[in-house]
Amino acid sequence: MASSAQTPALDKPNPAEDWTVVLPRRGKQKRNFHKVIIHEQQKQEQLWTPADIETNPERESKLMQKIQTCIRKLESSSFWLKFLDQLQTPEVFDRFLKAVGSEGKMQMVIYGIGSIESYEPPRLQLSLAILIKKMFSWIGEVEVFDPVISLAESRVLTALGCSVLTVNEQGRRQALRPTMFFMPHCDAELYENLLEANWRHDLLSNMTLFGNSFDAYEQHVSECKILRLADSRKHILAIRQFVKELPIDSRKHVVAIRQYVKERSIDPFSDDLFRAFHGSSWHFFDIAPHSDLCDAKP
């Protein structure tokens with residue numbers, strides 16, 4: 001980012017603002033990125049096409065209606081209001097301001113969304129991403145990938161303004177510009193791949209991550225005391241000292257989830273909202289240029 005450019009002030013949410021459609025970009029996988037040393041077999045990108053290619057207008061229309069209903073339901077919930085309140089606190093909003101910097105926009109990359117046609121939790125996760133995009137104009141293009149996405153889901157996602165990737169990056173996108181990685185309840189391997197591909201202070205500083213709690217991973221490894229488990233989480237464990245983690249499962253969010261359940265007379269143990277977001281946190285990376293990340297690895 002150019003140091004001479006003036007840092008823009010991020011806007012507060014504007015509920016009335018239309019959500020600009022982001023069309024898929026072509027040839028993105030061919031861009032030459034800065035190199036980060038990783039294992040050869042892990043850095044290979046795989047071309048991807050949906051395994052389920054059966055679709056028709058009726059199927060797509062039905063799915064679109066499900067998602068629009070889900071968005072309205074989430075937007076009217078106490079959970080969303082509490083979530084939005086947290087985003088607008090200085091502790092969180094100022095960190096977004098710093099991450100966006102002079103770029104003015106922060107792209108969103110959604111990994112591991114799952115099947116939005118088959119299950120409600122993935123629809124709720126997508127709905128949350130859509131509402132974040134709708135409320136903050138500084139969120140730029142939205143890209144989505146999960147190998148289980150069907151052709152019908154891909155078309156609906158595109159109609160919603162998202163770009164579905166045609167390459168399985170295996171979570172190895174390098175943050176060459178401000179990027180929000182939206183990854184609730186992804187496998188630990190994806191977080192590891194993401195961190196490994198961005199194991200440089202300038203790349204990590206461009207990242208904001210919404211996903212599983214790194215603190216919870218550290219606690220689990222500490223309790224299990226299994227060397228193999230610690231080795232499979234080595235980047236997650238090593239980055240903890242450079243991360244400010246803000247959980248959404250604070251007391252007020254738990255109260256909001258319970259209120260959502262009460263309003264709909266849903267069993268809290270089977271509530272889709274809880275299953276979609278419990279244990280999720282915001283992760284902000286603050287890496288000084290002189291930080292030695294090599295020494296940080298366990």
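How many bridges join β2 to strand β3, and do the two run parallel or antiparallel? In this predicted model, where local features need pLDDT of at least 70, side-chain atom pairs count only at pLDDT 80 or more, and totals for chains, interfaces and linings use all residues, five bridges join β2 to β3 (residues 139-145), and the two strands run parallel. Residues are numbered from 1 along each chain as its sequence is written, and side-chain values use heavy atoms, with hydrogens and water left out.

The chain holds 13 helices and nine strands; here helices (H or I, at least four residues) and strands (E, at least two) are DSSP runs, numbered from the N terminus. Of its 298 residues, 50% are buried, where buried means under 20% relative accessible area, exposed over 50%, and partly exposed in between (1.4 Å probe, protein chains only). The accessible surface comes to about 15,100 Å², and carbon and sulfur atoms account for 51% of this area; the areas come from the Shrake-Rupley method with a 1.4 Å probe, and for residues only the protein chains shown count as cover. Among contacts (heavy atoms within 4.5 Å) between residues at least 6 apart in sequence, 82% join residues at least 24 apart.

We can now turn to the sheet. Strands of a sheet pair through backbone hydrogen bonds, either parallel or antiparallel. Seven strands make up an open sheet with mixed pairing, in the order β4-β3-β2-β6-β7-β9-β8, where two strands pair if DSSP finds at least two bridges between them. At the edges lie β4 (162-164) and β8 (243-247), each pairing on one side only. From one strand to the next, the twist averages 20 degrees; axes are lines fitted to C-alpha atoms, for helices over the stretch in contact, and angles run from 0 to 180 degrees between N-to-C directions. Within the sheet, Val 109 stands opposite Glu 143 in β3.

The chain has 17 aromatic pairs, counting rings of Phe, Tyr and Trp (its six-membered ring) whose centres lie within 6.5 Å; planes under 30 degrees apart count as stacked, over 60 as edge-to-face and the rest as tilted. One of these is the stacked pair of Tyr 111 and Phe 181, with 6.2 Å centre to centre and 20 degrees between the planes. Because Tyr 111 lies in strand β2 (residues 106-111) and Phe 181 in strand β6 (residues 179-183), this pair ties together parts that are 70 residues apart in sequence. Tyr 111 is buried at 4% relative accessibility, and Phe 181 is buried at 0%. Trp 282 and Phe 284 are also stacked, because their ring centres are 6.4 Å apart and their planes stand at 25 degrees. Trp 282 is buried at 0% relative accessibility, and Phe 284 at 5%. Ring pairs link these two residues into a cluster whose members also include Phe 79, Trp 80, Phe 136, Trp 138 and Phe 210.

Two further buried residues complete the picture. Ile 116 sits in the loop between β2 and α4 (120-135), with a relative accessibility of 1%. Leaving aside neighbours within four places in sequence, Ile 116 is in contact with residues including Leu 63, Ile 67, Leu 126 and Leu 157. Ile 116 and Lys 66 are 50 residues apart in sequence, yet their C-alpha atoms are 9.1 Å apart in space. Ser 154, found in helix α5 (residues 151-159), is buried with a relative accessible area of 14%. Beyond its neighbours within four places in sequence, Ser 154 is in contact with Ile 149 and Val 164.
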